[in-house]
Amino acid sequence: AEDGGLTRQCERTAFSFYCAVREQLPIWLLEDMRSMEVFCWEDGHPRAFLPSEALLYALVHDHRDYASYLLNRYSVSALRVLRCSFCCRSGAPHLNVAVRYDRVSILGTMVETLKDCNTQSERREFLDACGGCSHVTDAGKTAVQLAVELSRPDCLLLLLVHGAQPDGLDVALQTLVSCNVSQQRDAQRCLDLLLLFLPKPPTLRHLQEEPQRWQSLLGNEVFCWLCGLAPPPLLLQALRCLARFGPDQISTLPDFLQLHSRLQPTAHSGTGSRRPVSV
């Protein structure tokens, strides 16, 4: 009975903290609550809320100031993956949550914080972590794969620029095919960003099974490149070099070199329209 009362007390204080973050109360007040008043029930005992748990709340409710404080104050420890309360396996990585809620600003702060990792392998583990147990919404997906699936090009660019693996090319192609017109631009940008950051050119010969469909979506030059029939367009080659040696410069290119501004879907003429890939 005593444990039951303590558990309910923890639930009440956790919900109060959740509401306080949702209302975007001042940082000092939230930290006072987290460190002195809010408790989480774990392994039969109450404990204070961790910075990583508070960061999840800040992500969900887009409390940018609080997220920045937590990351600046606690650095990489604020990004530690929490245990699932159901099965005690690893829960949702913070990067995945940021992508799911499209929190571009907070995601930018998070990937910058990863520079504080002790080793490159630790940093890569954060960038390429998959959602853990089956109770997690995006189980088994990296932040990059989720950004591609949800057509979040701004999130995807941040991840790729900071060294995340450019996975999910097949998903990007299928998303481009299945999305509605309003989503097509973002889906196209996600595909193009993957093409820029891939370490080596892909060969997707299965695209030749439906050549007209893919030529109309990708353009003849990019279609031929992906099928291994021709080299990539010159502009794509140049941007791939830039992505390899100066990835942070991709997002600062002027509009006339941001390929998505030059590239709009064109009607397929029967021989395939010739257009470069968009970014």
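This tour visits a series of sites in the structure, one selection at a time.

The model is predicted, so local features are given at a pLDDT of at least 70 and side-chain atom pairs only at pLDDT 80 or more, while totals for chains, interfaces and linings use all residues. Residues are numbered from 1 along each chain as its sequence is written, and side-chain values use heavy atoms, with hydrogens and water left out.

**First selection: Asp102**

Please select Asp102, in the loop between α5 (94-100) and α6 (104-113). Helices here are DSSP runs of H or I with at least four residues, strands are runs of E with at least two, and both are numbered from the N terminus. Asp102 has a positive phi of about 55° although it is not a glycine. Most residues other than glycine have a negative phi. Asp102 counts as partly exposed because its relative accessibility is 38%; buried means under 20% relative accessible area, exposed means over 50%, and partly exposed lies in between (1.4 Å probe, protein chains only).

Proceed to Ser151, in the loop between α8 and α9 (153-161). Ser151 is not a glycine, yet its phi is positive, at about 55°. With 11% relative accessibility, Ser151 counts as buried.

Next, select Pro153, which belongs to helix α9. Pro153 counts as buried, at 6% relative accessibility. Which residues are in contact with Pro153, leaving aside its neighbours within four places in sequence? They are Asp186, Arg189, Cys190 and Leu193, where contact means heavy atoms within 4.5 Å. Displaying Arg185 as well shows that its C-alpha atom is separated from that of Pro153 by 9.5 Å, with the two residues 32 residues apart along the chain.

Select Asp128, in the loop between α7 (120-127) and α8 (143-149). Not counting residues up to four places away in sequence, Asp128 touches Thr142, Ala164 and Gln165. For Gln165, display the backbone too: its nitrogen lies 3.0 Å from a polar atom of the Asp128 side chain.

Now select residues 181-197, helix α11, together with residues 234-245, helix α14. Their axes come within 8 Å and cross at roughly 70°; axes are lines fitted to C-alpha atoms, for helices over the stretch in contact, and angles run from 0 to 180 degrees between N-to-C directions. The two helices are therefore roughly perpendicular to each other, on a scale where under 35 degrees is roughly parallel, over 145 roughly antiparallel, 65 to 115 roughly perpendicular and the rest oblique. On α11 the contact is made by Leu195, Leu196 and Phe197, and on α14 by Leu236, Leu239, Arg240 and Ala243. By class, this contact has six nonpolar, no polar and one charged residues. Ala, Val, Leu, Ile, Met, Phe, Trp, Tyr, Cys and Pro count as nonpolar, Asp, Glu, Lys and Arg as charged, and the others, Gly among them, as polar.

How many salt bridges does a search of the whole structure find? The search finds nine, a salt bridge being a side-chain nitrogen of Lys or Arg within 4 Å of a carboxyl oxygen of Asp or Glu. Select Glu149 and Lys141, which form one with their closest N and O atoms 2.9 Å apart. Glu149 is partly exposed at 34% relative accessibility, and Lys141 is partly exposed at 24%. Then select Glu210 and Arg213, another salt bridge, whose closest N and O atoms are 3.2 Å apart. Glu210 is partly exposed, with a relative accessible area of 39%, and Arg213 is partly exposed at 37%.

Technical notes
A polar contact is a pair of N or O atoms within 3.5 Å; within protein, one must be able to donate a hydrogen and the other to accept it, and residues adjacent in sequence count only if both atoms are side-chain atoms.
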